[in-house]
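Here is a short report on one structure. Look at the model first, then read on.

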Amino acid sequence: MFVDAVETSRSGVREEALPAPARPQPPSPGPRQGWLDALRGMAALVVVFEHSLDALFPEVRAGAGPWFDFGQYGVLVFFLVSGYVVPVSLERRGSVGGFWINRVFRLYPLWLVAAAAGTVFGAEGVYSALPDQLTDNPGISALAHLTMLQDFLQVVSVVNVFWTLSYEMVFYLLVTAMFVAGVHRASATGMLAFAVAALTVGGLLPAGALSRGAGTAQVVVVTAVVLLAAAASLACRGRLRVCGTAAAAVLALVLLGVNSRIGAWQSLAILATMFAGTVLYRLDRGQLRWKRSGWALACVPVASIAAAWAFGPGWGMPDDQALAFTRGWSTAVAAAWATFLAARLLRHRPMPRVLVWLGLISYSVYLLHPLAVQVLRRLTTDPGRFSLAERLAMAVMLLAVVLVCSALTYRAVERPVQSLGRHLSRRARSRAFTTQALTTQALPAETVAADRAGVRPPGRPPRRRRPRPSPSPAAVRPGRSTRPPG
């Protein structure tokens, strides 16, 4: 579809209509959607509020905690947004290599800054010391973190919010394999499969079983090797690329099912939520129909809530805490879906500039705020010593520090490296589209025109036609003669 059509007539060939095929241009990035940035900004603020409760507002934790989980609500909104935009970004680029270049430059630079700062904070004991697992085996722990799958490798995150990036990485691996295999439009099928799995086998799959059986170090090394092989396969084409991305996707599914830190049902529900975001995008673009996919979409929040009540938390908890977890998860799921759908209805309206700006720096806010909260918790070891007015002032100061630091890291780290990543991604896309154009130019233009006109060009042997088989007696209608006329 990237090559200009050749104009022909029934009687001959119009040579003047045979220009050299135009070089295809990669698609330009789509316009930024303010409502998604506003959702990111709002979700980031909610997560900051969740992590400041113990340090500033323990009464809110005690009163609302058993009924609503602010942190789960915020990250579920993030997951819906990721599901809405990430696969479409891959499809719009049309280049798997360009997509991954963009993702690496989007995620890793600031992640490295936060990981280094978190390590220093833990080593210095700003609030709590580094976990023994990270200090006893620093090499394996660092390797697990570099894969961004540490939450599925039974390795404690050096910064507590890193666990969500493990789910992002699993999602990227799955959508990449689907795109390479040509089944990326099957988002509704993937969504429904994860939702059904969460509700049926999610409570039966043991959390962390793979690392307990094979050893954490061995699982980390194998995971790193598979991911490196999958990354190398992106430079290839054909079966090697399909096999490489498929191996990474299978690894991701295995880790998701039998090596999650939390309950398998919850991990499966999160992936169903992310694929639901993709389904919502396809519904908005008319690629899917509500009559066929709407019921499957409704199954995701229902299955996510039902699985929580059926299986409970994936780790040991007293009964009262398990009940609080189930309630908090259920209301968070319902609220996250309601928030996303409400914002979707308002997507054509202008969003508040403050929220849109917060959405731009939301990744910095998300990764850096736990460090500021550690400093706050060291200063306010006992929140009861401070009046409500003093704690509100501290909350304002905390938010101001987080926003200022996030704005600085966005300008100094995120924006420059993202610009570099986009440049390299465009180069990768251009190479991919150039290769695709060359494959369509295997024959000269006059040969293509001659073929369409039914003329055999000189130098090409005549096409051998298969003899048409004579009809069998059973295929001859009664009363018709099989003898040729004449």
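## Helices that cross

A crossing of two helices is called left-handed if the near helix is turned anticlockwise from the far one by less than a right angle, and right-handed if clockwise. Keep that in mind for this predicted model. Here, H6 passes H10 in a left-handed crossing.

Two packed helices are described by the angle between their axes and the distance between the axes. Both values come up below for each pair.

## H6 and H10

Helix H6 covers residues 138-147, and helix H10 covers residues 216-233. Their axes come within 10 Å and cross at roughly 40 degrees. That angle makes H6 oblique to H10.

Which residues of H6 meet H10? They are Ile 140, Leu 143, Ala 144 and Thr 147. On the H10 side stand Ala 217, Val 220, Val 221, Ala 224 and Leu 227. By class, this contact of H6 with H10 has 8 nonpolar residues, 1 polar residue and no charged ones.

## H8 and H12

Helix H8 spans residues 187-200, and helix H12 spans 264-284. The axes of H8 and H12 come within 8 Å and cross at roughly 155 degrees. Angles over 145 degrees count as roughly antiparallel, so H8 and H12 are roughly antiparallel to each other. Their crossing is left-handed.

The contact draws on H8 residues including Ser 187, Gly 190, Met 191 and Phe 194. From H12 come, among them, Trp 265, Leu 268, Phe 275, Thr 278 and Arg 282. Sorted by class, the contact of H8 with H12 has 14 nonpolar, 3 polar and 1 charged residues.

## H13 and H14

Helix H13 runs over residues 290-311, and helix H14 over residues 319-345. They pack at an angle of about 155 degrees. Their axes are 7 Å apart. H13 and H14 are therefore roughly antiparallel to each other.

The contact includes Trp 290, Leu 297, Pro 301 and Trp 309 of H13. On H14, Leu 323, Arg 327, Trp 329, Trp 337 and Arg 344 are among the partners. By class, the contact of H13 with H14 has 11 nonpolar, 3 polar and 2 charged residues.

## The cavity

How many cavities of 30 Å³ or more does a search of the whole structure find? The search finds 1. The largest cavity has a volume of about 60 Å³.

Helix H3 (70-93), helix H7 (163-181) and helix H12 (264-284) each supply at least two residues of its lining. The lining residues include Pro 87, Leu 90, Glu 91, Met 178, Phe 179 and His 184. Ser 187, Phe 275, Thr 278 and Arg 282 also line the largest cavity, and these four take part in the contact between H8 and H12 as well.

Key: Residues are numbered from 1 along each chain as its sequence is written. This is a predicted model: local features need pLDDT of at least 70, side-chain atom pairs count only at pLDDT 80 or more; totals for chains, interfaces and linings use all residues. Side-chain values use heavy atoms; hydrogens and water are left out. On a 1 Å grid over the protein atoms alone, a cavity is a set of points where a 1.4 Å probe fits but cannot get out, and a pocket is an open set with protein on both sides within 12 Å along at least five of seven lines; lining residues have an atom within 4 Å of a point. Grid points are joined across faces, edges and corners, and a volume is the space filled by probe spheres set on the points. Axes are lines fitted to C-alpha atoms, for helices over the stretch in contact, and angles run from 0 to 180 degrees between N-to-C directions. Angles under 35 degrees count as roughly parallel, over 145 as roughly antiparallel, 65 to 115 as roughly perpendicular and the rest as oblique. Contact means heavy atoms within 4.5 Å. Ala, Val, Leu, Ile, Met, Phe, Trp, Tyr, Cys and Pro count as nonpolar, Asp, Glu, Lys and Arg as charged, and the others, Gly among them, as polar.
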